[in-house]
Amino acid sequence: KVKAAAQIMERLYNVFTHNGCSLAEINPLVTTPEGRVLALDAKIIIDDNALFRHPELAQLRDFDEEDPAEIEASKHDLNYVQLDGDIGCLVNGAGLAMATMDIIKQAGGAPANFLDVGGGANKDQVKKAFKLLLANPEVKALFINIFGGILRCDVLAQGIVDAVKEVDVKIPIVVRLEGTNVEIGREILKNSGLKITAAADMGDGAKKVIEAAGLKK
């Protein structure tokens, strides 16, 4: 049994490394009364960033099994996952996005999505991300939380202004900006003539977006 299990683990490892997986899992792995070791079920997730090396795997993608909004986001290099809440989130960086969702929950709200625009997003990507959030009818307010490093705050601010002017926005927007060119970004938002609420920090932003959405208990 030990030898058979070891062979399965070795093959699983080879599948993981040779195919650019982010996950390769066997569950359950069982032994039979006859002493055989069997993999009854398995799950494999291929890292999107590795697919260019495996066109044969990319051809197997079944778009019917995916959320249309997530498919659209992937076309623009946006990391988007739709959730069941009503506070739309636009954030740069996966860690900050997770922290933003947590602080919204702690403040009494519920995030409508995970959306990471990445560190090098341009104005067009920001506009697309904005439109993606507004396409969800459950979203009652937007919280944009940006720490500008590679993604400069002025670029993000201009993207917000352009998106709001192109889309018929009827819900409140709360923005927290910090980082590179933050003062320029704040001036762009302030002088835009749009109804955008500024937040001093993440906690302040979460509180304001929940109040703006009319969700405060």
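This is a short tour of one predicted chain, stop by stop.

**Before you start**

Residues are numbered from 1 along each chain as its sequence is written. In this predicted model, local features need pLDDT of at least 70, side-chain atom pairs count only at pLDDT 80 or more, totals for chains, interfaces and linings use all residues, and side-chain values use heavy atoms, with hydrogens and water left out.

**Stop 1: the whole chain**

Along its principal axes it spans about 75 × 40 × 30 Å. The radius of gyration is 22 Å, whereas a compact globule of 217 residues would have one near 17 Å. That radius is taken over C-alpha atoms, and the globule rule is 2.2 Å times the number of residues to the power 0.38.

Switch to cartoon. You will find eight helices and 10 strands. Both are DSSP runs, numbered from the N terminus: helices are H or I with at least four residues, strands are E with at least two.

**Stop 2: surface and confidence**

The chain exposes about 12400 Å², and carbon and sulfur atoms supply 52% of it. Areas come from the Shrake-Rupley method with a 1.4 Å probe; for residues, only the protein chains shown count as cover. Buried residues make up 37% of the 217. Buried means under 20% relative accessible area, exposed over 50%, and partly exposed in between (1.4 Å probe, protein chains only).

Color by pLDDT, the predictor's confidence in each residue, from 0 to 100. The chain averages 88, and 97% of the residues score at least 70. Select residues 21-26, strand β1: confidence is highest there, at a mean of 95. Then select residues 68-75, helix α3, where it is lowest, at 78.

**Stop 3: helix α1**

Select residues 2-18 and pick out Gln-7. Gln-7 counts as partly exposed because its relative accessibility is 35%.

**Stop 4: helix α5**

Select residues 123-134. This 12-residue helix reaches 17 Å from its first C-alpha to its last, close to the expected 16 Å. The expected span is 1.5 Å times one less than the number of residues. Its buried residues are Gln-125, Val-126, Lys-127, Ala-129, Phe-130, Leu-132 and Leu-133.

**Stop 5: the cysteines**

Search for disulfides (cysteine sulfur atoms within 2.5 Å). The whole structure has zero. Cys-89 is in none; the nearest cysteine sulfur, that of Cys-153, is 18 Å away. Cys-89 counts as buried because its relative accessibility is 1%. Finish at Cys-21, also buried, at 9%.
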